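Here is a short report on one protein model and its ligand. Keep the structure in view as you read.

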Amino acid sequence: MELIELSEAWVERAVALWEHTGLTRPWNDPHADARKALAGPESTILALVQGERLAATAMAGDDGHRGWLYYVAVDPDLQDQGCGWRIVEAAAEWLRARGTVKVQLMVRAGNDSVTQFYEKLGFERLNVAVLGKRLVP
Ligand SMILES: CC(C)(COP(=O)(O)OP(=O)(O)OC[C@H]1O[C@@H](n2cnc3c(N)ncnc32)[C@H](O)[C@@H]1OP(=O)(O)O)[C@@H](O)C(=O)NCCC(=O)NCCS
């Protein structure tokens, strides 16, 4: 399994993986999310690939203060083999190499069991409420 930074050519396969693993929502455009993450130097999408097959992804970005992870996903046929662990560690390392001191992520309500996966990787629950407001209708 090879670790790569995705290029545009992989976007369709990444979106298919995100849809398959339940990460997309109607109000977000995953294609636009992917292209934006690949466009600038402060963000990327790392992936584990086997030839032309996409096994895992993690979008990483530095917002100028913290690092954030999004779209952490492993092909269901390849889960429970350490791919999740490897892609999250790689994304954290990508951020650390750019001087980012803390990495954070959000877990949707209803996906609570995934917090155990992150806790095994050293992430801690933070005592904060995350608030959001749409800037574009
Ligand atoms: C969460 C996810 C990325 C984990 O990937 P994975 O390749 O299966 O994880 P790993 O094989 O590296 O597992 C590492 C450890 O976490 C545990 N783990 C993985 N997913 C878990 C889950 N949903 N709940 C509890 N523990 C989990 C594994 O059992 C393993 O523990 P062990 O070493 O004690 O056996 C994968 O299940 C996935 O793609 N889920 C759907 C998308 C998703 O919910 N992403 C997270 C969005 S915040």
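## A starting question

Is Tyr71 buried or exposed? This is a predicted model, and in it Tyr71 has a relative accessible area of 12%. Tyr71 is therefore buried, since buried means under 20%.

Tyr71 is found in strand E4. Most residues other than glycine have a negative phi.

## The sheet

Now step back to the sheet. Five strands form it, in the order E1-E2-E3-E4-E5. The sheet is open, and its pairing is mixed. Strand E1 (2-5) and E5 are the edge strands, each pairing on one side only. On average, neighbouring strands are turned by 30° against each other, direction ignored.

Helix H1 (residues 11-20) lies across strand E2 (43-50), E3 and E4. H1 runs at about 90° to E3.

## The two partners of E4

Start with strand E3 (residues 53-62). E3 pairs with strand E4 (residues 67-74) in the antiparallel sense, over six bridges. Asp62 has Gly67 of E4 as its bridge partner. Ala60 has Leu69 of E4. The two strands form a hairpin with four residues between them. Gly64 sits in that turn, with a positive phi of about 100°.

Now turn to E5. How do E4 and E5 run? They run parallel, joined by three bridges. Leu69 stands opposite Leu105 in E5.

## A residue in E5

Gln104 lies in strand E5 (residues 103-105). Is Gln104 buried or exposed? Its relative accessible area is 14%, so Gln104 is buried. Which residues does Gln104 touch, leaving aside its neighbours within four places in sequence? The contacts are Arg66, Gly67, Trp68, Leu69 and Leu126.

## Around the ligand

There are 20 residues around the ligand. Val72, Val74, Gly82, Gly84 and Trp85 come nearest. Where does the shell come from? E4, helix H3 (83-96) and helix H4 (114-120) each supply at least two residues. The largest share, five residues, comes from H4.

Look next at the polar atoms. An oxygen atom of the ligand is 2.8 Å from a polar backbone atom of Val74. For Gly84, a polar backbone atom is also 2.8 Å from an oxygen atom of the ligand. With Gln79 the side chain takes part: one of its N or O atoms is 3.3 Å from a ligand oxygen. How much of the ligand does the protein cover? On its own, the ligand has 900 Å² of accessible area, and the protein covers 72% of it.

## A residue in the loop

Finish with Asp80. Asp80 is placed in the loop between E4 and H3. Is Asp80 buried or exposed? Its relative accessibility is 85%, so Asp80 counts as exposed. Tyr71, by contrast, is buried.

Phi of Asp80 is near 65°, a positive value in a residue other than glycine.

Technical notes:
Residues numbered from 1 in each chain as written. Predicted model: local features only at pLDDT ≥ 70, side-chain atom pairs only at ≥ 80, totals over all residues. Heavy atoms only, no water. Buried < 20%, exposed > 50% of the residue type's maximum accessible area, 1.4 Å probe, protein only. Contact = heavy atoms within 4.5 Å. Pairing = 2+ DSSP bridges. Axes fitted to C-alpha atoms, helices over the stretch in contact; angles between N-to-C directions. Near = heavy atom within 4 Å. Polar contact = N/O pair within 3.5 Å; in protein donor to acceptor, adjacent residues only side chain to side chain. Areas by Shrake-Rupley, 256 points an atom, 1.4 Å probe, with all protein chains shown as cover.
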